Each structure stands twice: as structure tokens, then as C-alpha cells.
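Please look at the rings before reading on.

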Amino acid sequence: LKYNLTIASHAEDNFYKYAREGEYVAVLREIELAKKIGCRYHFCHMSVKESFEAIRKAQKEGYTNITCEVAPHHLILNKEMIKNANYKMNPPLRDESDRLATVEALLDGTACMIASDHAPHTVEEKSKSYDLCPNGIIGLETMIPIVYTHFVKTGLIGWDRFLDLLVYNPIKVFNLPARDLSVGSIADIAVIDIENERVYTEEEICSMGKNSPFIGCSFYGFTRYTLVNGKIVYKL
């Protein structure tokens with residue numbers, strides 16, 4: 001609090017590692033520390049039911065300084081869907097019950113934001129056997145399409161909630177420079193296509209890493225234009 005900063009945690013207990021317990025055991029321990037110290041504490045990419053239950057309980061007790069986020073892949077994929085190394089990430093894909101708990105946490109406000117957890121790797125790295133290849137998938141280019149297609153277009157969340165999850169809550173939690181569309185504001189703007197559904201292809205990926213489990217999937221909401229400081233830097 002002295003420096004007006006937020007601690008962001010990749011909660012993982014070294015003993016349990018990638019197991020479900022590896023996440024929520026660390027979450028339970030770190031929540032108690034955050035309560036004791038009183039710092040702003042943010043849990044990254046939560047993925048199991050017990051983690052959300054613990055964070056939800058702390059928030060209901062008045063510890064609004066304790067926040068968390070979820071990732072798009074944990075919202076729509078489970079471990080039964082794993083096909084290849086492009087589905088390997090940390091935290092790993094979980095049971096369907098955990099995926100449903102992740103969606104619940106998003107919808108009830110326990111999770112205040114969505115983060116891509118973008119982690120590019122080379123084709124060579126991801127061509128190794130599943131056990132030997134590195135964790136991580138790319139996600140910047142599919143985050144908005146996934147959230148729009150599965151949550152906004154279906155009516156589960158509205159536009160205000162969409163903007164809070166992707167823009168305004170991250171600004172608030174991490175004390176970032178304000179952004180809006182008022183005259184005089186910095187024109188950092190993304191224009192997305194919500195009318196047309198199309199397939200995400202490997203050829204269009206701008207990242208040097210092509211490690212996405214969503215190649216071949218259909219979504220609405222892909223970016224058509226990106227402006228940085230008023231200048232078009234990307235056009236589809």
C-alpha cells in the first residue's frame with residue numbers, strides 16, 4: 001500500500017505442482033498472508049473450484065483487496081479436449097467441474113478480469129512429446145473473440161461487463177493510466193467485427209509463436225483495426 005502497487009501471484013505449491021492441490025493450497029496460504037499484511041493481492045489465471053471458493057469467501061468477509069482473474073482457455077476448454085502440445089499450459093486444463101466453476105466465478109464477480117496468459121513458443125519446442133514440451137499457449141489474438149462469442153453473444157454478460165473485464169478492472173486493480181473514448185483521450189482503440197463469424201487460421205497469427213489450441217475454431221469478434229495513439233497499426 002505504501003507504494004500503491006498490487007502483488008500478482010502465480011499460485012503454485014511446489015509439493016503438489018500441477019495437481020489441483022498445487023493451486024488451491026497455495027491460494028489458501030497466500031490469502032491468509034494478504035489478510036494479515038493488508039496488501040492488494042491479485043491471483044493470476046485461477047482454474048479450480050476450491051481456489052474460487054476461497055477467494056469468494058475472503059471477498060465476502062470484506063477483503064476486497066484480494067482479487068483474481070481467469071483465462072479464456074480455462075473458460076471454454078477442459079482436459080478431455082486435449083489433442084496435442086498446443087493444449088499444454090500452466091495451470092493445466094482441468095476437469096469439466098472446474099471449468100464450470102471458472103465460468104461461475106466470472107459471472108458472479110469473484111473474478112474481476114480476463115487475461116490471455118499469452119505464452120508463445122516455437123514450433124520446435126511444441127513439437128516435442130507432450131511431457132517434454134514447455135507449458136504455454138498464445139492468446140492475445142483470440143481472447144476477445146472467445147469472450148465475445150461465448151459470453152456476450154450468448155447473453156451471459158453485457159457490453160458493460162465485457163469492458164470491465166477486459167479494460168476497466170485491470171486499470172483499477174493495477175493502477176494503470178485511464179482509458180476511455182472521450183475527446184482528448186489517447187486514441188488506443190481496437191475495432192472488432194461482431195457481425196461475421198470466421199475460422200481462426202494459423203496463417204493469420206501475428207505472433208512468432210503459433211501454439212494455439214484454437215486454430216480451426218470459429219469465433220465472432222476478431223479485430224479489424226488497431227489504433228495506437230490515433231494511428232492504424234493493424235488492419236485485417
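This is a predicted model: local features need pLDDT of at least 70, side-chain atom pairs count only at pLDDT 80 or more; totals for chains, interfaces and linings use all residues.

Residues are numbered from 1 along each chain as its sequence is written, and side-chain values use heavy atoms, with hydrogens and water left out.

Q: How many aromatic pairs does a search of the whole structure find?
A: The search finds 7 aromatic pairs. Rings of Phe, Tyr and Trp (its six-membered ring) pair if their centres lie within 6.5 Å; planes under 30 degrees apart count as stacked, over 60 as edge-to-face and the rest as tilted.

Q: What makes the pair of Phe15 and Tyr16 edge-to-face?
A: The ring centres of Phe15 and Tyr16 are 5.0 Å apart, with 90° between the planes.

Q: Why is Phe15 called exposed?
A: Phe15 has 70% relative accessibility, so it counts as exposed (buried means under 20% relative accessible area, exposed over 50%, partly exposed in between; 1.4 Å probe, protein chains only). Tyr16, at 36%, is partly exposed.

Q: Why is the pair of Tyr200 and Phe222 called stacked?
A: The planes of Tyr200 and Phe222 are at 15° and the centres 5.9 Å apart, so the pair is stacked. Both residues are buried, and together with Phe214 and Phe219 they form one aromatic cluster.

Q: What makes Arg198 a charge over the ring of Phe222?
A: The charged end of Arg198 sits 4.0 Å from the ring centre of Phe222; the definition asks for NZ of Lys or CZ of Arg within 6 Å of the ring centre and within 35 degrees of the ring normal. Lys88 lies over the face of Tyr130, at 5.5 Å from the ring centre.
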